[in-house]
Amino acid sequence: MQFIISGSHGTDDPTMASLPFMAAKAAREQGHDVILFLWNEAVTLARPGIGDHITGVNLPPLKDTLAAIQTAGIPIWVCGACAVARKIGEPDLVSGALIKNMGDYIKAVAERDKCVTF
């Protein structure tokens, strides 16, 4: 199956911030095609080092899950409007992350079997 998994939580809620990363990792491990889309406060998690100190309740550290996502080649899409609002540009992003617009997101949702949102 094809999934787009999106997250909107950042450092303010470590558990909710971690869940879309974990879901994307699990989906890929099960053999699914996945895109991880970050919007709202979650866009800050695409900056190097931000996730290094985030650990949700009973969850692995976000830095470990992010590393697994990068190793698996899962695309990380960052909402362009959300990034601009937080003064984040593409050079500020972790490896594998790209700034995308809402049109890209809607197109991907329309082409995918499932859309999961956190």
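This is a predicted model: local features need pLDDT of at least 70, side-chain atom pairs count only at pLDDT 80 or more; totals for chains, interfaces and linings use all residues.
**The core.** Start by selecting F21, L36, L38 and I76. These residues have the most contacts inside the largest nonpolar core, a set of 33 residues. To see where the core comes from, colour β1 (2-7), α1 (14-29), β2 (33-38), α2 (62-72), β3 (76-79), α3 (80-85) and α4 (102-111), the elements that each give two or more residues to it. The largest share, 5 residues, belongs to β2. As a general background, nonpolar side chains in soluble globular proteins tend to be buried together.

**Around I76.** Now centre on I76 and show its neighbours. Leaving aside residues up to four places away in sequence, I76 touches L36, L38, L66, I69, V94, G96, A97 and L98.

**Along α1.** Next, select α1. This helix has 16 residues and reaches 23 Å from its first C-alpha to its last, close to the 22 Å expected at 1.5 Å a residue. Show the side chains of A17, S18, P20, F21, A24 and A27, which are buried in α1. The buried residues of this helix pack against β1, β2 and α2. Then move on to G31, which follows α1 and has a positive phi, near 95°.

**The cysteines.** Finish with C79 and C115. How many disulfides does the structure hold? The count is 0. C115 is in no disulfide, and the nearest cysteine sulfur, that of C79, is 14 Å away. C79 is buried, with a relative accessible area of 5%, whereas C115 is partly exposed, at 39%.

How values were computed:
Residues are numbered from 1 along each chain as its sequence is written. Side-chain values use heavy atoms; hydrogens and water are left out. A nonpolar core is a set of buried Ala, Val, Leu, Ile, Met, Phe, Trp, Tyr and Cys residues joined through side-chain atoms within 4.5 Å. Buried means under 20% relative accessible area, exposed over 50%, partly exposed in between (1.4 Å probe, protein chains only). Helices (H or I, at least four residues) and strands (E, at least two) are DSSP runs, numbered from the N terminus. Contact means heavy atoms within 4.5 Å. The expected span of a helix is 1.5 Å times one less than its number of residues. A disulfide is a pair of cysteine sulfur atoms within 2.5 Å.
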